[in-house]
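Hello,

Here is the structure I promised to pass on. My notes follow below it.

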Amino acid sequence: RGEGAGLARRGGKMASTAAGKQRIPKVAKVKNKAPAEVQITAEQLLREAKERELELLPPPPQQKITDVEELNDYKLRKRKTFEDNIRKNRTVISNWIKYAQWEESLKEIQRARSIYERALDVDYRNVTLWLKYAEMEMKNRQVNHARNIWDRAITTLPRVNQFWYKYTYMEEMLGNVAGSRQVFERWMEWQPEEQAWHSYINFELRYKEVDRAPLLVIVHPDVKNWIKYARFEEKHSYFAHARKVYERAVEFFGEEHMDEHLYVAFAKFEENQKEFERVRVIYKYALDRIPKQEAQNLFKNYTIFEKKFGDRRGIEDIIVSKRRFQYEEEVKANPHNYDAWFDYLRLVESDADAETVREVYERAIANVPPIQEKRHWKRYIYLWINYALYEELEAKASKRTRQVYQACVELIPHKKFTFAKIWLLYAQFEIRQKSLPLARRALGASIGKCPKNKLFKGYIELELQLREFDRCRKLYEKFLEFAPENCTSWIKFAELETILGDIDRARAIYELAIGQPRLDMPEVLWKSYIDFEIEQEEYEKTRNLYRRLLQRTQHVKVWISFAQFELSAGREESLSRCRQIYEEANKAMRNCEEKEERVMLLESWRNFEEEFGTDTTKERIDKLMPEKIKKRRKLQAEDGSDAGWEEYYDYIFPEDTANQPNLKLLAMAKLWKKQQQESEAAEMDPDKDIDESQS
């Protein structure tokens, strides 16, 4: 019995220990607490859970209902499920719709209505709910109930077009045309979008009620709606009404909101009615008022129309009007684009009348350059010139031409710059009009306001043509007071006196000219003076002029010209004089840095000796000719760095004492080179040397 009690106690202890182990499970100790190599994120866990939800579950077993009690029990359970879903979230309309459709499937229409009504109390703005409700009534042929629902829907949400479309379609399918029209009229009171109006119009057209078609353009006055309205009238052969519609549309949009599509449609309508003159008027009216970039289609249709029904003149008018619009747009974009104005004026002059041309010219010259600088006025001034020439040559209006010239010279800021061309054209115009005093007055005013070389030359040329030599003298005096450095004016003045036979005045003018401290082309002036004295056969004076010129410059061309003059003097001592000049020139140019000029002189001298000299003089000049050698010199860049070497040619003159050592060194170098060549030849042919030694 004691052993049994001990076993019992031991068994009870073991049982209690086992019970304790079940109640408090041991937690497994993790020995390796390092992070795993592959980490699992919360996003991955959620994605895997979602994927497992999508796995196909086995369909629930089909339940067969055999009696009424089972059916009622089934209905009760389903209704409880639907109600629980609704109770959980009332705002999920899909739960309400599923509930109502389930009741409908059981033919419990009254219960389905109740559910839909309860859903509308929750969210009456849900469009799908109203549609499902009405479709249920229509499906079950409850027409009055459906009408009641549609009325409530369009009253509650009048801006939902789908309700109106469904309502009118239902009434039309039921044959209730009057009811459908009444719904359309109620809809139109809300001024819906265009498609609704088109639906109403098509409805009336289906029942041949043309007069009842509504005026869409009153609510939506767009161009396309006006065009549709007119085409509607045209389609039903109401041509007068269609024309009135187009005219009303043109009047409605006015000139501020013109659209090319309206005028193209209007013109095509008139073309179909064979009213070709009306078509031209419509196109021209539109082209004159619509901007060019917005009238491309208009131009295209007008051109096609003229090619079909017009003549050559009409086609040319289209092209001219198109180009005119292009130029108008260019000058509007940039009024100071004078090249565009020139092209525009050229086009207008070729086609338009005088008043139109004058209007365009006035618009062009009104765009005065904003800056008073001559470079900005150079193109602008030609607008005035072309305007004056047009008035004189094309319009034959001399009075207006004079006014144009006067306005132009008043506009130019003469204190800053002027244009001699405009003054001379003005004077020439007055000469053509036989108004010599006005021409002289214009040129005199130009010289007084803004003297220029071109103005003086033009005025002098005018007086020369009129043979007014005293006036020419006075003008030359004024000219030379204004520009004493102008050598050309001195020469022309002296030539005038020479032509008139006053040699002393001409010589005095030349003397005054060469005595000026500043001259722009002194070499031309001296040459002209020398030629003048040669023509007068005043050789001593010519020699004196050459000597005076050589005192100022030692240029090689002066020496050569002097020598050639002595040669051409035609006297016995001319050759000796010419040779003496060359001798003097050579001595004078020994210290000249420009060796090329000295070489030029010696070549001229050698040519002279070859033609007129003796053997002695020829030999002498040959000895004076320099040696041409090649040299190298170091180059430096702009920053002072070494830029390499440059080869150049230099001349060594035999008569220069400073160059004698150089010449001697050069001769020795040539002799050494010759000896080297001979020694190389001997080494190449030893037999020849033996023969030479034996001989």
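How many disulfides does the count come to? Zero, in this predicted model, with a pair of cysteine sulfur atoms within 2.5 Å as the rule. Two cysteines are worth a look anyway. Cys 408 counts as buried, at 1% relative accessibility. Cys 472 is buried too, with a relative accessible area of 0%.

Next, the cores. The largest nonpolar core has 94 residues. Trp 341, Leu 383, Ile 422, Leu 525 and Leu 601 have the most contacts inside it. Beyond its neighbours within four places in sequence, Leu 525 is in contact with Cys 487, Trp 490, Ile 491, Tyr 510, Ala 513, Ile 514 and Leu 519. Another core, of 39 residues, lies apart from the largest one. Ile 97, Ile 115, Trp 164 and Ala 196 are among its members.

Now the rings. The whole structure holds 17 aromatic pairs. One of them joins Tyr 165 and Trp 187: centres 4.8 Å apart, planes at 90°, so edge-to-face. Tyr 165 is in helix H8 and Trp 187 in helix H9, 22 residues apart. Tyr 165 is partly exposed at 29% relative accessibility, whereas Trp 187 is buried at 0%.

Trp 377 and Tyr 380 also pair edge-to-face, because their planes are at 85°, with centres 5.5 Å apart. Both are buried. Lys 374 lies over the face of Phe 419, 5.1 Å from the ring centre.

Last, a loop. Pro 291 sits between helix H15 and helix H16. Pro 291 is partly exposed, at 29% relative accessibility.

Best wishes

Methods: Residues are numbered from 1 along each chain as its sequence is written. This is a predicted model: local features need pLDDT of at least 70, side-chain atom pairs count only at pLDDT 80 or more; totals for chains, interfaces and linings use all residues. Side-chain values use heavy atoms; hydrogens and water are left out. Helices (H or I, at least four residues) and strands (E, at least two) are DSSP runs, numbered from the N terminus. Buried means under 20% relative accessible area, exposed over 50%, partly exposed in between (1.4 Å probe, protein chains only). A nonpolar core is a set of buried Ala, Val, Leu, Ile, Met, Phe, Trp, Tyr and Cys residues joined through side-chain atoms within 4.5 Å. Contact means heavy atoms within 4.5 Å. Rings of Phe, Tyr and Trp (its six-membered ring) pair if their centres lie within 6.5 Å; planes under 30 degrees apart count as stacked, over 60 as edge-to-face and the rest as tilted. A charge sits over a ring if NZ of Lys or CZ of Arg is within 6 Å of the ring centre and within 35 degrees of the ring normal.
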